[in-house]
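This report concerns the contacts between two protein chains and their surroundings. Please consult the sequence and the structure shown below while reading.

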2 protein chains.
Amino acid sequence: MEDEVDRLVTAWRRERPDLDVEPLEVLSRVSRLARHLDRARRLAFSEVGLEPWEFDVLTALRRAGAPYQLSPGALLTQTLVTSGTMTNRIDRLAKKDLVERLPDPNDRRGVLVRLTPAGRDKADASLAGLLTQERAILAELSREQRRELAGLLRRLTGPFDNIPG
Amino acid sequence: MEDEVDRLVTAWRRERPDLDVEPLEVLSRVSRLARHLDRARRLAFSEVGLEPWEFDVLTALRRAGAPYQLSPGALLTQTLVTSGTMTNRIDRLAKKDLVERLPDPNDRRGVLVRLTPAGRDKADASLAGLLTQERAILAELSREQRRELAGLLRRLTGPFDNIPG
DNA sequence: GTCAACTATCTTGATATCGAGATATACTTT
DNA sequence: AAAGTATATCTCGATATCAAGATAGTTGAC
């Protein structure tokens, strides 16, 4: 099946035959697919009254395991947002009583963000729904193809996730 | 090389062994990689005084070929933003004299957005830089692996790009 | 031809994000 | 122990985005 990136690449080869646009075959698809996924997630979460950014924070805390707490800094590396954004997110989640801020006993600069019981419920309730939706999207591929795809993507994410930045 | 998604999946398997989180192996990597790419693009474009959203619009017009014009609607499907966002983008690009709005001669509701010569220069100047950066990111993979990866991603983007929505 | 349904674009208000800098605390070197 | 450097989080202002609805023009059924 042809997609928008096929059309885009064809157009560039006509307009700029001097350039090798092969990188777009992979990376434009990654960017576009991520935007499609965002839209789908936004729609799915709105049915349970949750925003994608709320899901990201609550589930990061949930999978940390009891007592479901992480520093804002740890949340930054998991969610790839800036510190100003995370402060704002924690403020809003705290106002909704889904998380609470505690002083870090080991570092007086630091803070621990802890899931409240209501926050934990929200996290658990939304995860199953997300997985169902994602499974439908991935039904295009065989189990073996999904493994292959995950492995190739890991090669690209690995450097970003391990080199500081 | 292990990445953040490996850690995330391991954590879920410990915390929620009742759920099959295999879909995250693919789709969380897509979302995270897209965010890394956004950051890298933002940095690279800032060196030539361009925002990623400006690049997206200018290059869509550029690859349409002479006379470098498209309707706002066509730009929507290429950039995956809402109509309100696109109106705003066109306004700002027009204020910088990178594009201009023309009435569509065939539909009086419609508008055509056309690249100015300055806009065309910006588009051409920025594309080569982007490709260089992307080539470096993709150097992790062999040519054959890149083709494989592009093909697998197309299977996922195809349905989104072809089913209306 | 007229009316209803549809389409293309724009307007508006609320909100989330970013970048840069501020503040407070911790660590390291001498 | 003082000074300088590094780290953790927050503050603030500017800006881009979205969702929903408004406006204007088109199309098709009759």
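Which helix gives the most to the surface near DNA strand C? Helix 5 of chain A does, with six residues. The model discussed here is predicted.

## Surface near DNA strand C

DNA strand C is surrounded by 24 residues, and the closest are A:G84, A:R108, B:S71, B:G73 and B:G84. At least two residues of this surface are supplied by each of helix 5 (83–95) of chain A, helix 4 (72–79) of chain B and helix 5 (83–95) of chain B. By class, the surface near DNA strand C comprises 11 polar, eight charged and five nonpolar residues.

## Surface near DNA strand D

Around DNA strand D there are 23 residues, of which A:S71, A:G73, A:G84, B:G84 and B:R108 come nearest. The surface near DNA strand D divides into 11 polar, seven charged and five nonpolar residues.

## Contact between chains A and B

The two protein chains also touch one another: 54 residues of chain B are in contact with 54 residues of chain A. On the chain B side, at least two residues each come from helix 1 (4–15), helix 2 (22–46), helix 3 (52–63), helix 6 (117–138) and helix 7 (143–162). Helix 7 of chain B gives the most to this side, with 16 residues. In terms of class, the side of chain B that touches chain A contains 28 nonpolar, 18 charged and eight polar residues.

In soluble globular proteins, nonpolar side chains tend to be buried together. The largest nonpolar core in this model has 32 residues, and the members that touch the most others are A:V30, A:L153, B:V30 and B:L153. Two or more residues of this core are given by each of helix 1 (4–15), helix 2 (22–46) and helix 7 (143–162) of chain A, and by each of helix 1, helix 2 and helix 7 of chain B.

Which residues of chain B does A:V30 touch? With residues up to four places away in sequence left out, A:V30 touches B:V30, B:L33, B:A34, B:L37 and B:L153.

Conventions. Residues are numbered from 1 along each chain as its sequence is written. Chains are lettered from A and ligands numbered from 1 in the order in which they are written. This is a predicted model: local features need pLDDT of at least 70, side-chain atom pairs count only at pLDDT 80 or more; totals for chains, interfaces and linings use all residues. Two residues are in contact if their C-beta atoms, placed from the backbone, lie within 7 Å. Helices (H or I, at least four residues) and strands (E, at least two) are DSSP runs, numbered from the N terminus. Ala, Val, Leu, Ile, Met, Phe, Trp, Tyr, Cys and Pro count as nonpolar, Asp, Glu, Lys and Arg as charged, and the others, Gly among them, as polar. A nonpolar core is a set of buried Ala, Val, Leu, Ile, Met, Phe, Trp, Tyr and Cys residues joined through C-beta atoms within 7 Å. A residue is buried if 20 or more other C-beta atoms lie within 10 Å of its own, exposed if 12 or fewer, and partly exposed in between; C-beta atoms are placed from the backbone. A residue is near a molecule or strand if its C-beta atom, placed from the backbone, lies within 6 Å of it.
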